[in-house]
Amino acid sequence: MVAGTAGTFHTDVRLFNPSFEKDIVIRARFVPAPTPPSDNRGALGGPGATFTVPKRTMHVLNDVTTALFGNTPTVLGAIQFTSDDPFEVTSRIYSLQDGKTVGQFGPGVPTSAAKTKGAVLQIRANGVRGQVGTFRTNIGVVNPNDSQTSVAWRLYDRNNAVAGTGTTMMPPYGVTQPLAVIDALYFQGLPGGLDLSDAWVSFTATNPIFVYASVLDNGTEDQTFVPAVDDVGVAPQSPPPQPTTHTFDVTLEDWSITFSPAPTNVQVGDTVRLRIRRENGIHGFQVTAPNSTTVVPDTRPTSLTERTFTATEEGLYTYFCTVDTCGIGHASMYGTFNVGRDDGPGGPGY
């Protein structure tokens with residue numbers, strides 16, 4: 001849970017032992033948020049404490065970081081409570097000024113409740129402290145894992161349009177103190193004029209994390225704790241590219257075989273339609289795939305003739321004249337074209 005003693009902020013914790021039969025031992029470990037926040041360094045090796053909660057007892061820990069850890073640095077962070085027995089824990093974090101408090105309740109949550117994908121709703125960020133009728137929102141993150149975690153963020157405005165995106169790297173057991181939703185730690189380069197009077201945030205993480213928001217009334221400083229909810233939506237995948245039919249005119253004439261247009265942009269799975277005609281002489285035409293199999297058999301057109309094949313293999317396709325007695329230019333009547341590569345159409349042989 002989020003806790004700390006920093007400036008006017010304090011945290012009171014209550015732990016409940018539900019057992020009718022036994023006292024239980026609870027261990028606590030404090031993970032401080034880094035200063036400055038952009039350093040984002042966490043360490044589970046922070047101050048620790050162990051204490052006993054009698055059966056059917058609510059254990060009171062006011063100003064919890066001082067009560068448990070004594071000389072803990074005055075910063076916010078997270079406390080991890082563990083026990084070999086069942087227990088419940090809650091907290092209240094608040095600001096104390098002139099004997100008056102303003103704050104919010106925070107539940108204790110098990111590590112199993114951390115999320116790799118979630119959303120934080122009811123965000124408001126449309127004013128500054130002291131501006132009556134407006135709100136500001138802070139977001140906090142806890143990485144309960146022993147490995148680095150990348151978090152991708154999306155901020156949605158009042159109209160549910162994406163207003164900004166960002167990525168945060170959380171170190172092992174990393175904690176961020178609550179920061180404004182518009183802070184650069186989360187979203188870089190937000191445009192001006194955004195309507196965030198009713199907004200929300202989605203996140204996707206490489207490991208399960210805890211995310212929460214604190215929404216503050218700028219007039220009263222009243223605060224509302226907003227935990228992340230599940231986001232089970234799955235973005236549709238882009239449909240695979242559809243096969244295309246490419247049509248080329250092939251002209252056979254003394255000394256050359258000409259394609260029009262040039263045979264480019266053919267991909268595996270595409271259909272190749274060849275319209276073959278003989279301009280002069282006696283010529284034949286054949287195409288072989290990169291594995292040397294014939295995809296267009298020996299064709300000797302006397303009029304316009306069509307041949308079609310499907311490109312099933314990436315690589316260099318070869319075409320050539322099949323009539324070796326067609327004349328002195330027969331040796332130059334061949335060429336190549338590429339399928340599934342960007343290195344050009346190949347070309348005629350000379």
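Two strands pair if DSSP finds at least two bridges between them. With that in hand, welcome to a short tour of this predicted model.

Figure 1. Of the 350 residues, 43% count as buried. Among contacts with a separation of 6 or more, 68% are between residues 24 or more positions apart. The accessible surface comes to about 17,900 Å², and carbon and sulfur atoms account for 52% of that. As for charge, there are 23 positive and 31 negative side chains, and the centres of the two sets lie 5 Å apart.

**Figure 2. Strand S17 and its two partners, S18 and S19.** Let us zoom in on S17, which covers residues 245–253. Strand S18 (residues 256–260) pairs with S17 in the antiparallel sense, over 5 bridges. Strand S19 (residues 271–278) runs parallel to S17, and 8 bridges join the two. The hairpin of S17 and S18 has 2 residues between the strands, and here tryptophan 255 takes a positive phi near 80°.

**Figure 3. Valine 250, a buried residue of strand S17.** How does valine 250 connect to S19? Its bridge partner there is isoleucine 276. Leaving aside residues up to four places away in sequence, valine 250 touches Ile257, Thr258, Phe259, Leu274, Arg275, Ile276, Arg277 and Phe285. Valine 250 counts as buried because its relative accessibility is 0%, and buried means under 20%. For a sense of distance, look over to proline 171: it is 79 residues from valine 250 along the chain, and their C-alpha atoms are separated by 62 Å.

**Figure 4. Threonine 251, the next stop in strand S17.** In a regular strand the side chains alternate between the two faces of the sheet. Is threonine 251 buried or exposed? Its relative accessibility is 13%, so threonine 251 counts as buried. Across in S18, threonine 258 stands opposite threonine 251. Which residues does threonine 251 touch, not counting those up to four places away in sequence? They are Ser256, Ile257, Thr258, Arg277 and Glu279.

Conventions:
Residues are numbered from 1 along each chain as its sequence is written. This is a predicted model: local features need pLDDT of at least 70, side-chain atom pairs count only at pLDDT 80 or more; totals for chains, interfaces and linings use all residues. Side-chain values use heavy atoms; hydrogens and water are left out. Buried means under 20% relative accessible area, exposed over 50%, partly exposed in between (1.4 Å probe, protein chains only). Contact means heavy atoms within 4.5 Å. Accessible areas come from the Shrake-Rupley method with a 1.4 Å probe; for residues, only the protein chains shown count as cover. Lys and Arg count as positive and Asp and Glu as negative; His and the chain ends are not counted. The place of a charge is taken as NZ of Lys, CZ of Arg, CG of Asp or CD of Glu. Helices (H or I, at least four residues) and strands (E, at least two) are DSSP runs, numbered from the N terminus.
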